Every structure is written in structure tokens, then in C-alpha cells.
Amino acid sequence: MASFILRKAEPNDVSDILRLIKELAKFEEMEEKVMLSEKELLEDGFGEHPFYHCLVAEVPKEQSSDDYSVIGFAMYYFTYDPWIGKLLYLEDFYVMQDFRGLGIGSRILKVLSETAVKTRCSAMHFIVAENNTKSIEFYKRKGAADLSLEEGWRLFEIEKQELLKMTAK
């Protein structure tokens, strides 16, 4: 089993975080959707008022065939639900293929759960691509409920171009 540490991301991790975001997007066949730069990740996550928090999983360089030591990440933030209060929203969660099945993902989820409980969150929310059956099963084994089936919620997005149109009216 690989030895690893889980730690809070630091500003010098943004290149690894972006690399992992791109790997996840490629896995989800949405690589062309990643528009973020290292500069934006740095400013948005490590400024005076960060928009996100991030954990990284790190292994000794000699354990990674690609010479990467950061092999996983979880990006999250806090939001508010008017029915149940504070929520931890897990935006992205990824462990490199070669390091799956070693307990790293479970440990990340445990730390996120501890963070949610410590900050008095009512729940942790996240979305999973419908075709990502391995992740869906992983989350279900951890006790997650599929709200799209149980409650019928749908995810919507208003893209920047449409936001700009609305502000011009």
C-alpha cells in the first residue's frame, strides 16, 4: 500500500491542482471545458477571502511513476441551504488512476466529513456524472443518497454569456 499524507493545499500546489482538474475532465470526456488558469486558481483559493478550500493527497516522489507527488485532491466550499442550514459542497474530488483502491479516497472523504461536522454543517452535497458508476457506487457505500432519483432535483446552469445578457437588459 502506498504511504500518503493528506494536507491542506498551499499556493505552490496550484499547478498540480490544475493538472488533476484536467485529468478529471479528461476522464469525464470534458477536457475542453477547463478554462481555468493557475493564476485564477491562486487568486481564488489563496487570497484574503478564498472562494474554495482544497485538500491534496501526496505520496513520496519515488512511489509515483510519473514523478508527481500530488496524486489526488478534493476542492470544496461552504454554502447555505434555507431549509437545513450550512452545507459543505464538494466541487471536485479525484485520485489518479494508479492510486485508486488504496484507501486514499476514503481518507479524503473522512476528512471532509470531519470538516463538515466540526463546522456544524447539516450535510455534504456533490454531483457525480451519471456515467461514473464506480464513483456512484463508492459514494453509496459511504451512505450517500442520490437526490436526483429520490427527490427529483435537476442541476441548471446560466453561463456567463447569458448572465451578461441579463445584466444588459
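In the predicted model, Cys54 stands opposite Met75 in strand S3. This pairing belongs to the contact between S2 and S3, which run antiparallel over six bridges. Strand S2 spans residues 53–58 and S3 spans residues 70–81. S2 is mostly covered, with five of its six residues buried.

S2 also pairs with S1. The two strands are antiparallel and share four bridges. Within this pairing, Arg7 has Val56 of S2 as its bridge partner. S3, in turn, is joined to S4 by 10 bridges, again in the antiparallel sense. Here the bridge partner of Asp81 is Gly85 in S4.

Together, five strands make an open sheet. Their order is S1-S2-S3-S4-S5, and the pairing is mixed. S1 (5–8) and S5 (123–125) are the edge strands. Each has a single partner strand, so one side of each lacks a neighbour in the sheet. From one strand to the next, the twist averages 30 degrees.

The sheet is part of a chain with six helices and five strands. Along the sequence, these elements follow the pattern β-α-α-β-β-β-α-β-α-α-α. Helix H1 lies across S2, S3 and S4. Its direction makes an angle of about 85 degrees with S3.

Residues up to four places away in sequence are not counted here. Beyond them, Phe73 touches Ile17, Leu20 and Ile21, as well as Cys54, Leu55 and Val56.

Glu58 lies in S2. Its side chain makes a polar contact of 3.0 Å with the side chain of Arg7. Apart from residues up to four places away in sequence, Glu58 touches Ser3, Phe4, Ile5, Arg7, Ser69 and Val70.

Leaving aside neighbours within four places in sequence, Ser69 is in contact with Ala57, Glu58, Val59 and Lys61. Glu28 is 41 residues from Ser69 along the chain, and their C-alpha atoms are separated by 23 Å.

Asn132 is found in the loop between S5 and H4. Asn132 has a relative accessibility of 11% and therefore counts as buried. Its side chain makes a polar contact of 3.1 Å with the side chain of Ser135.

Asp146 is in the loop between H4 and helix H5 (147–150). With a relative accessible area of 26%, Asp146 is partly exposed. A polar contact joins its side chain to that of Ser148 at 2.4 Å. Asp146 and Phe93 are 53 residues apart in sequence. Their C-alpha atoms are 17 Å apart in space.

The whole chain can be described in the same terms. Of its 169 residues, 33% are buried. Contacts between residues at least 6 apart in sequence were also examined. Among them, 57% join residues at least 24 apart.

Overall dimensions complete the picture. Along the principal axes, the C-alpha atoms fill a box of roughly 55 × 35 × 35 Å. The radius of gyration is 17 Å. A compact globule of 169 residues would have a value near 15 Å, and the chain agrees with this.

Note on methods
Residues numbered from 1 in each chain as written. Predicted model: local features only at pLDDT ≥ 70, side-chain atom pairs only at ≥ 80, totals over all residues. Heavy atoms only, no water. Contact = heavy atoms within 4.5 Å. Pairing = 2+ DSSP bridges. Axes fitted to C-alpha atoms, helices over the stretch in contact; angles between N-to-C directions. Buried < 20%, exposed > 50% of the residue type's maximum accessible area, 1.4 Å probe, protein only. Polar contact = N/O pair within 3.5 Å; in protein donor to acceptor, adjacent residues only side chain to side chain. Rg over C-alpha atoms; globule rule 2.2 N^0.38 Å.
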